[in-house]
Amino acid sequence: QELQAKVATLLKQTQTVKKSSGSYEGPGLQVSRGRIPWPVSGTLISLFGKHKNREFNAVVENSGIQIKAASGTPFRAVASGLVRYADWFKGYGKLVILDHGEGYYSLYAQATDLMVTEGQTVASGQVLGTVGDTGSLVGESLYFEIRKNGVPQDPVRWLKSRS
């Protein structure tokens with residue numbers, strides 16, 4: 001809950017900066033619901049929403065999903081956008097936030113290396129960084145979120161079905 005609040009605050013700050021530095025005029029993600037590519041190839045190990053964590057015997061609420069992948073595996077932008085944040089963020093490790101326009105953002109966390117910088121425009125499929133375990137409780141993996149106007153969305157509903 002505390003981490004979600006910190007990210008929400010970061011997104012609000014990003015929107016304030018966006019107003020003063022110009023907005024990104026992308027199509028958002030609405031046009032791609034259920035069709036956007038996975039940010040990394042791997043195994044889905046944690047789902048969106050409330051879950052009981054057996055190790056800590058507590059209910060946790062995930063604002064995103066966790067995808068297990070080997071350290072050093074490149075992760076990619078799920079859609080074109082503007083990098084609004086690319087740096088260390090407490091509780092998320094190395095974090096990239098992309099603004100896709102229309103109030104849509106994607107967040108990629110726990111990276112080992114980041115290959116983009118704040119203010120950079122990226123294309124769909126462009127490598128943003130490499131998977132790691134910075135800030136992770138589950139080891140090598142990518143933590144991934146989608147937000148609409150700051151509200152977390154279930155990323156699995158947006159991603160292409162894995163047949």
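**A walk out from S106**

Guide: Let's start at S106, which is buried, with a relative accessible area of 0%. Keep in mind that this is a predicted model. S106 sits in strand β8, which covers residues 104–114. Its side chain makes a polar contact of 2.8 Å with the side chain of Y108. Leaving out residues up to four places away in sequence, S106 touches V78, V96, I97, L98, H100, F144, E145 and I146.

Stay in β8 for a moment, because Y105 belongs to that strand and is buried as well, with a relative accessible area of 0%. Y105 and E145 are 40 residues apart in sequence, yet their C-alpha atoms are 8.1 Å apart in space. E145 is also one of the residues that S106 touches.

Now pick V96 from the contacts of S106. Again skipping residues up to four places away in sequence, V96 touches V83, Y85, A86, S106, L107, Y108, L114, V116 and L128. V96 also belongs to the largest nonpolar core, which has 27 residues; F75, V96, L98, Y108 and L128 are the ones with the most contacts inside that core. Six strands each supply at least two of its residues: β4 (65–68), β6, β7, β8, β10 (127–131) and β11. Apart from this core lies another, of eleven residues, including L95, I97, A109 and Y143. As a general rule, nonpolar side chains in soluble globular proteins tend to be buried together.

Next, follow V83, a contact of V96. The bridge partner of V83 in β7 is L98, and L98 is on the contact list of S106 too. Strand β7 spans residues 93–101, and seven bridges join it to β6 in the antiparallel sense. The two strands make a hairpin with three residues between them, and G91 in the turn has a positive phi of about 90°. β6 has another antiparallel partner in β9 (residues 121–122), with two bridges; there, G81 is bridged to V122. Seven of the nine residues of β6 (residues 81–89) are buried, so the strand is largely enclosed by the rest of the structure.

The whole structure holds six aromatic pairs. In one of them, the ring centres of F89 and Y92 are 6.0 Å apart and the planes meet at 65°, so this pair is edge-to-face. F89 is buried, at 14% relative accessible area, and Y92 counts as buried at 4%. Y92 also pairs edge-to-face with Y143, at 5.7 Å centre to centre and 70° between the planes. Ring pairs tie Y85, F89, Y92 and Y143 into a cluster, and Y85 brings us back to V96, which touches it.

Methods
Residues numbered from 1 in each chain as written. Predicted model: local features only at pLDDT ≥ 70, side-chain atom pairs only at ≥ 80, totals over all residues. Heavy atoms only, no water. Buried < 20%, exposed > 50% of the residue type's maximum accessible area, 1.4 Å probe, protein only. Helix = DSSP H or I, 4+ residues; strand = E, 2+ residues; numbered from the N terminus. Pairing = 2+ DSSP bridges. Phe/Tyr/Trp six-rings, centres within 6.5 Å; stacked < 30°, edge-to-face > 60°. Polar contact = N/O pair within 3.5 Å; in protein donor to acceptor, adjacent residues only side chain to side chain. Contact = heavy atoms within 4.5 Å. Core = buried A, V, L, I, M, F, W, Y, C linked by side-chain atoms within 4.5 Å.
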